[in-house]
There are 2 protein chains.
Amino acid sequence: MKTFAEYRQLYLDTLLGSFVPFWEKFSPDPEYGGFLCGFMRDGELFFEDKSVWQQGRSTWMFAKLYNEFGGKPEWLDIARQGATFMDEHCFDENGHMYFRVTRDGRPLVNRRYYFSEAFAIMGYVELFKATGEEAYRRRALDVFAKMHHYYTTPGCFPPKVNPQTRRTKGHSMCMIMLNVCQHMRMIDDNALYDKVIDDSLRQITQDFLKPGEKALLETVGPHGERLDSPEGRLVNPGHSLETAWFVMTEAIHRKDAALMETAILITLWSLERGWDREMGGLFYFVDVEGKPVLSLEWDMKLLWPHCEAAIALLHAYLHDRNDLYLQWFEKVTDYMFAHFPDPGHPEWFGHCHRDGTPISTIKGSDWKGPFHNVRAFMLVSQLLERIDRGDFA
Amino acid sequence: MKTFAEYRQLYLDTLLGSFVPFWEKFSPDPEYGGFLCGFMRDGELFFEDKSVWQQGRSTWMFAKLYNEFGGKPEWLDIARQGATFMDEHCFDENGHMYFRVTRDGRPLVNRRYYFSEAFAIMGYVELFKATGEEAYRRRALDVFAKMHHYYTTPGCFPPKVNPQTRRTKGHSMCMIMLNVCQHMRMIDDNALYDKVIDDSLRQITQDFLKPGEKALLETVGPHGERLDSPEGRLVNPGHSLETAWFVMTEAIHRKDAALMETAILITLWSLERGWDREMGGLFYFVDVEGKPVLSLEWDMKLLWPHCEAAIALLHAYLHDRNDLYLQWFEKVTDYMFAHFPDPGHPEWFGHCHRDGTPISTIKGSDWKGPFHNVRAFMLVSQLLERIDRGDFA
């Protein structure tokens, strides 16, 4: 096993030598502002439409880099122009954010969800932290108010499944609210955030987590009922691992050791369930009873779940220095560095077959952007730096 | 190469020895009527919800088997109860068909499309042919009237993409209207069907077919404009091959040799573009310029495109007895029989990785049912029987 310092250097070199230069060079749109998304292997554009998720995520990423990785003024400028593009082009007449717009910012697709809002808020928050400019704080507050309204008001968006026949809930909503409130709390003193987080933690640990099955489920009944259907049996290991470290961050904030232990269990259970013992890597989806998963993509190895695993494992190690977490961290790191880099080309592949060979050579799409990998490589390098100097506070 | 009679026996044995017994035994729901869909390897149910597409498709399939493969009375009974379930449970208050209902027939999902209607019409038509009962003919006429209204009236369903920003059209709508009108024409004497078919043929051959690129595209502008986007470059070889033999059927009906030649070109171009020269089999999606395809499923080998290819190739061979079509038919048949059967278990796999290994062992889902494979094996065995006895009329 490498030393902590060596691992840190590996992650940092990849972050600043491969990921960031790619997105810095290719993603800011010199013509219309905002961020381009559709990149082939070496940065050539293969589509021009703009994912609104990526506008918020990229704004956040460049502002975070500016704040915590060296203060390069260009990064702040790039983040600023991302926020401007969002302000000017990404909100409909009711203040709901689009899902996709054209390169020049005309609306294409609106969805019955509000994840675009979550990423925009993260971007505004990070820009306020970078600049102290009240306008960014105001934008974060306004978009959060809207998002919280959607979250707490039934019927804002038409449901996909007839609610007279069946009611379910997915864990992504309370999970993203947890993360968004953690961001809002940094820039606003309002008891509401802790209240929303309390409720998110309750839902995650009581409704979605099934200790008897050692699984965090994606979908349950309105009161946490276990559903006997492919949807109700579905585990998304990467998603569970992401939730796990959101909960860990909260446990650290609250100095709540019991909550930390729960989040560590979610981490270990998700790795145990999701790891492919035959070919290595984390499956995209698994069925908690081992029954078939409907998505044909179930056995693919995607980059992002491995990124989420690395963060959760180092948080766990910082908590109690159990070697098991380091062993998993090494296993996940080895798998990532064996399959996702694209030697001789910038950035990494995002999607491999079960056997670890790439499905495509794209570097950017509506879904694959500078988010999961850049976030993980930032956080992992920071966590390794703390571990390396023994900061186990 | 096998003789035509040997190939015929191979297809027929698989149809009547593997496919049909599976669906006959497991799919009719003894409790609530209609057809169950979610089957694991040996027929065990892994979900209970009912796909409305599968209700129409299965009704059609059992009625067609009754009409053309031996007149087994049980098959007619099974088809009849499928139609009853549709009548009682699959239409909303406006007469639009649902996409998914519960096992006991309560509405779950409604969609902004009307493919459920297409498959229901096929089922009603085939039942009318089997029984001569006016009620089935009436149902086909009524549902067709509704479908035609949706097809010709803009704004019946909210578009996914903002039409003020971008207008596109997909080839599946005019393709399914072509096929549905071919069915309606068998039971109703109305010039409308030929008129709709004329328009479908015009759109397919003039708007979606790009001879310069040797490709039938999935999506174009409202007047056939080639779009420079992943969507506009997308070829779905299986879909193109299915369209090709729908067009061939029309060319035969109209005794239109030029149309037949066009459909044969679509067939050859789709095979050339879609065939994986490295690992064999037809890709699920390809980009007409060789750029990346957004869907992560692009390089999977699915059973159904190979089924559509087999039908198109034998229609082509019946037309002009060119050996090239037989060579392709042999190649496609060899690939299918090498990768999709599940020795020791009934029915076939539907989904393989690029390398031809199965992605999952499911035998039924919302999408995989007794349709593409059963239809192809019925038609292929009939076409081979005609070829074998030299009926090249």
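Modeller: Helices here are DSSP runs of H or I with at least four residues, strands are DSSP runs of E with at least two, and both are numbered from the N terminus. The model is a predicted one.

Biologist: Where does that put Thr361(B)?

Modeller: In a loop of chain B, between β13 (351-352) and α13 (372-388).

Biologist: Why is Thr361(B) called partly exposed?

Modeller: Its relative accessible area is 30%. Buried means under 20% and exposed means over 50%. The value of 30% falls in between, so Thr361(B) is partly exposed.

Biologist: How far is Thr361(B) from Trp348(B)?

Modeller: They are 13 residues apart in sequence, and their C-alpha atoms are 8.5 Å apart.

Biologist: Phe371(B) sits in the loop between β13 and α13 as well. What makes Phe371(B) buried?

Modeller: Its relative accessible area is 1%. The cut-off for buried is under 20%, so the label holds.

Biologist: How do you know that the prediction can be discussed residue by residue? What is the mean pLDDT of chain A?

Modeller: The mean for chain A is 97, and 100% of its residues reach 70 or more. For the complex, the predictor gives an ipTM of 0.95 and a pTM of 0.97.

Biologist: Now charges. Why is the contact of Glu48(B) and Arg103(B) called a salt bridge?

Modeller: The N to O distance is 3.2 Å. The rule asks for a Lys or Arg side-chain nitrogen within 4 Å of an Asp or Glu carboxyl oxygen, so this pair qualifies.

Biologist: What does that pair tie together?

Modeller: Two loops of chain B. Glu48(B) is in the loop between β2 (45-47) and β3 (50-51), and Arg103(B) is in the loop between β4 (100-101) and β5 (107-109). The pair therefore links parts that are 55 residues apart in sequence.

Biologist: Buried or exposed: what are the labels for the two partners?

Modeller: Glu48(B) has 42% relative accessible area and is partly exposed. Arg103(B) has 14%, under the 20% cut-off, so it is buried.

Biologist: What makes Arg106(B) and Asp104(B) a salt bridge?

Modeller: Their closest N and O atoms are 3.1 Å apart. That is within 4 Å, so the pair counts. Arg106(B), at 38%, is partly exposed. Asp104(B), at 27%, is partly exposed too.

Biologist: How do you know that Arg389(B) and Glu385(B) form a salt bridge?

Modeller: The closest N and O atoms are 2.9 Å apart. The limit is within 4 Å, so the pair passes. Arg389(B) is exposed at 52%, since exposed means over 50%. Glu385(B) is partly exposed at 28%.

Biologist: Which residues are joined into one network by salt bridges that share partners?

Modeller: Asp29(A), Glu31(A), Glu48(A), Lys50(A) and Arg103(A).

Biologist: How many salt bridges are there over all chains?

Modeller: The count is 78 by this rule.

Biologist: Which residues form the positive surface patch?

Modeller: Arg111(A), Lys160(A), Arg111(B) and Lys160(B). Patch members need over 30% relative accessible area. Lys160(A) has 53%, so it clears that limit, and it is also exposed. Its place is the loop between α5 (134-152) and β6 (169-170) of chain A.

Biologist: Why remark on the phi of Lys255(B)?

Modeller: Most residues other than glycine have a negative phi. Lys255(B) is not a glycine, yet its phi is positive, about 50°. Lys255(B) lies in the loop between α9 (237-254) and α10 (257-274) of chain B. It has 75% relative accessible area, over 50%, so it is exposed.

Biologist: What is the phi of Glu347(B)?

Modeller: About 55°, again positive in a residue that is not a glycine. Glu347(B) sits in the loop between α12 (323-339) and β13 of chain B. At 0% relative accessibility, under 20%, Glu347(B) is buried.

Biologist: Finally, where is Pro21(B)?

Modeller: In helix α1 (residues 4-26) of chain B. Pro21(B) has 33% relative accessibility, between 20% and 50%, so it is partly exposed.

Methods
Residues numbered from 1 in each chain as written. Chains lettered and ligands numbered in written order. Predicted model: local features only at pLDDT ≥ 70, side-chain atom pairs only at ≥ 80, totals over all residues. Heavy atoms only, no water. pLDDT = per-residue confidence, 0-100. Patch = residues over 30% accessible without salt bridge, like charges linked within 9 Å, V, L, I, M, F, W, Y side chains within 5 Å. Areas by Shrake-Rupley, 256 points an atom, 1.4 Å probe, with all protein chains shown as cover. Lys, Arg positive; Asp, Glu negative; His and termini not counted. Charge placed at Lys NZ, Arg CZ, Asp CG, Glu CD. Buried < 20%, exposed > 50% of the residue type's maximum accessible area, 1.4 Å probe, protein only.
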